Amino acid sequence: MKLNKNIILYMALFGAAAAAGSCSDYLDKEVDLTLQADVVFGDYDMTRGFLANCYTYLPDAFGDFADPNSRMCKDCMTDNAVSFWRGYTQTVMDDAYNASNHWYATTFWASRTAGIRACNQFIKNANPAVVGNAERSGDDNHLYDRFIAEARVLRAILTFDMVTWFGDVPIIGDDEAGVPIVLTPSDALPPRTAAADVLQWVADECEKYKNDLPFRYTNEQENWGRINGAAAYALKSRALLYKASPLYNPQGDASRWTEAAKAAVDFINANNACWNPYRLYTTADNNVLENYYDCFITNPVHNNEYILSRSVWKGQTYIEDYNTPCGFTGRRSAVGYMNPSQNLVDAYETIAGLPIDKDPTYDEQNPYANRDPRLEQTIIHHRTHWGVGDEARDVNVNNDDGEVGVDYARGNGGTCTGYYLKKYTTNIPWDGTVTGTDKACPIFRYTEILLNAAEAYNEAGQTGEAYKYVNQVRARVGMPDYKDMDQATLRERIQNERRIELCFEDHRYFDVRRWKLFDQTQNRDRASESSLPRYKQLRTIYGVSIRENTGTTFNYGVNEKFPYYTFNSPKNYFVPIPFTEIQKTGYTQTPGWEM
């Protein structure tokens with residue numbers, strides 16, 4: 001099909017980029033999309049601006065904080081957290097939506113297909129004579145080839161995003177002649193392709209174009225946020241890991257795990273050869289009590305652990321406003337919408353490297369002592385010291401009769417689990433002297449590559465190889481090495497390591513599904529899992545109630561606001577294809593979502 005000259009009809013661009021901002025000069029340059037296609041692609045700056053607009057479709061785990069219908073991240077659709085307020089995430093937990101009325105089944109589908117369409121327009125119309133493709137030293141070597149590779153990997157990321165939400169989806173790639181498919185919004189999409197085949201297509205796209213990109217840009221001040229070769233390697237690693245997982249690999253083909261392990265190690269080898277390798281973030285003095293928290297707070301932009309992020313939230317206070325305990329007020333008021341669950345808190349091992357139910361020294365009435373240092377660096381709990389200067393004090397979520405703590409609840413917020421989110425949350429004064437902080441949430445982080453390698457090697461039967469990757473992640477926070485485990489035990493520990501290391505980065509929702517944990521005998525319903533430790537339960541979301549009238553006691557139970565997770569199999573492994581798309585294309589609806 002030929003490209004309609006009026007580009008704007010096909011570019012359903014969203015305002016997230018304008019709200020978030022970007023530190024890259026490259027990505028700040030956008031183009032007037034009302035111009036004719038031959039005008040846009042006949043000009044270097046406009047061509048570059050068109051590609052910059054394609055980047056606005058990248059996923060961003062922070063985007064939900066700025067959404068007035070949410071104000072919480074997607075871990076609130078898992079056993080990791082709930083929110084004081086009901087948003088669209090709660091309809092997922094309740095299975096209370098359908099193919100016509102839910103954000104993920106309508107806006108999300110539309111935004112991803114629009115982004116893919118924009119990438120295809122760029123790939124099809126960018127002109128090498130305008131962009132230039134000369135051999136040069138530095139980042140601008142074969143610039144046209146690199147621009148095309150950026151757009152193709154962007155398209156692959158958006159396609160990967162679609163398959164993880166919707167399952168079988170169309171591949172809107174190139175036609176038989178190798179020309180990108182550009183459809184109008186009213187055109188029917190191609191037929192859906194099996195999810196595993198889509199994941200392989202994503203991996204193949206990365207393999208084809210990764211070498212047309214610098215593995216890492218030498219001028220990251222100018223090029224931060226742009227797709228590089230490392231992002232292509234990372235996406236291939238994630239796509240093949242998913243393809244090997246039970247949800248996408250029901251036949252249990254073990255060779256897929258071997259391929260996934262190789263993809264992760266290919267990244268590691270290429271990274272080791274890079275002029276400035278990605279690596280685990282540590283403070284200057286390698287303080288295991290600060291390394292993890294500081295990774296997301298201190299210079300989260302030019303951070304050697306971050307491979308790719310959507311954008312920089314420059315000078316925003318969303319994260320602080322919606323995560324800080326509700327008792328901190330001043331010229332602004334904290335509300336603390338995000339409430340980590342007791343399930344997640346219990347998932348952190350003791351400092352001896354044991355699950356809490358396996359360590360006889362663990363005391364549930366002194367629950368935060370002698371735990372994995374990441375607990376204190378991720379979660380704000382009762383008596384966490386917080387605040388700046390005169391505002392500094394211990395957090396108080398006491399919930400005893402007549403003695404409700406200042407951080408337990410207010411009319412516009414509070415905690416329903418006894419916890420708040422510390423990760424990403426900068427400790428700033430509330431007197432107005434700090435007007436905002438810069439934040440960036442990673443799409444790909446080096447830690448994930450190490451965990452991908454560990455999981456894939458273990459599932460491929462090479463447990464000995466798995467240890468060296470997962471133990472690097474643990475060493476960063478001073479946790480003891482794993483060793484001498486059978487495959488099943490190490491599988492459980494690696495899954496737990498992903499949970500706590502990657503929490504609140506939009507991984508948990510997809511991980512529990514690709515592992516098909518809800519179909520395990522012990523988790524098929526609430527009654528079956530009720531005898532399990534809280535950290536192993538998926539369907540009941542727990543919290544803690546602190547009583548201090550007659551000595552401090554910790555009372556654990558179902559959280560008081562959103563207690564249960566409703567999951568129906570196979571329905572809830574994916575969200576439904578939008579009903580309007582079903583009507584237009586004649587697609588068969590995803591199993592369980594038939595109307």
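Here are legends for a handful of close-up views of this structure.

**Before you look.** This is a predicted model, where local features need pLDDT of at least 70, side-chain atom pairs count only at pLDDT 80 or more, and totals for chains, interfaces and linings use all residues. Residues are numbered from 1 along each chain as its sequence is written, and side-chain values use heavy atoms, with hydrogens and water left out.

**View 1. Arg310, a buried arginine without a salt bridge.** Arg310 sits in the loop between strand S4 (306-309) and strand S5 (313-316). Helices (H or I, at least four residues) and strands (E, at least two) are DSSP runs, numbered from the N terminus. Arg310 is buried yet has no salt bridge. Here, buried means under 20% relative accessible area, exposed means over 50%, and partly exposed is in between (1.4 Å probe, protein chains only). A salt bridge needs a side-chain nitrogen of Lys or Arg within 4 Å of a carboxyl oxygen of Asp or Glu. As for charge, Lys and Arg count as positive and Asp and Glu as negative, while His and the chain ends are not counted. The nearest side chain of opposite charge to Arg310 is Asp60, 5.1 Å away. So which backbone oxygens does the side chain of Arg310 reach? One is that of Thr56, at 3.2 Å, and another is that of Leu58, also at 3.2 Å.

**View 2. Arg155 and Asp174, a pair from separate parts of the sequence.** Side chains of opposite charge can pair when their charged atoms come close. The structure holds 47 salt bridges, and this view picks out the one between Arg155 and Asp174, whose closest N and O atoms are 3.1 Å apart. Arg155 belongs to helix H8 (residues 143-166) and Asp174 to the loop between strand S2 (169-170) and strand S3 (192-193), so the pair ties together parts that are 19 residues apart in sequence.

**View 3. Glu455 and Arg514, a salt bridge between two helices.** The side chains of Glu455 and Arg514 meet in a salt bridge at 2.9 Å, N to O. Glu455 lies in helix H17 (residues 446-459) and Arg514 in helix H20, so this pair ties together parts that are 59 residues apart in sequence. Glu455 counts as buried at 3% relative accessibility, and Arg514 counts as buried at 0%.

**View 4. Arg493 and Glu492, another charged pair.** Arg493 forms a salt bridge with Glu492, the closest N and O atoms being 3.8 Å apart. Arg493 is buried, with a relative accessible area of 4%, while Glu492, at 36%, counts as partly exposed.

View 5. Most residues other than glycine have a negative phi, and most peptide bonds are trans. Asn286 is not a glycine, yet has a positive phi of about 50°. You'll find Asn286 in the loop between helix H12 (255-272) and helix H13 (291-297), where 44% relative accessibility makes it partly exposed. Asp506 isn't a glycine either, and has a positive phi of about 65°. The loop that holds Asp506 runs between helix H19 (487-501) and helix H20 (508-514), and at 17% relative accessibility Asp506 counts as buried. Then there's the peptide bond from Ser569 to Pro570, which is cis, with omega near 5°. Pro570 lies in the loop between strand S18 (553-558) and helix H22 (579-585).

View 6. Cys416 is in no disulfide, and its nearest cysteine sulfur, that of Cys76, is 8.5 Å away. Cys76 counts as buried at 1% relative accessibility, as does Cys416 at 5%.

View 7. A cavity is a set of points, on a 1 Å grid over the protein atoms alone, where a 1.4 Å probe fits but cannot get out; lining residues have an atom within 4 Å of a point. Of the 15 residues lining the largest cavity, the closest to its centre are Glu220, Trp224, Gly225, Tyr306 and Ile307. Helix H10 (220-223) and S4 are the elements that give two or more residues to this lining, and S4 gives the most, with 4 residues.

Conventions: Polar contact = N/O pair within 3.5 Å; in protein donor to acceptor, adjacent residues only side chain to side chain. Disulfide = S-S within 2.5 Å. 1 Å grid on protein atoms, 1.4 Å probe; cavity = no way out; pocket = protein on both sides within 12 Å on 5 of 7 lines; lining within 4 Å.
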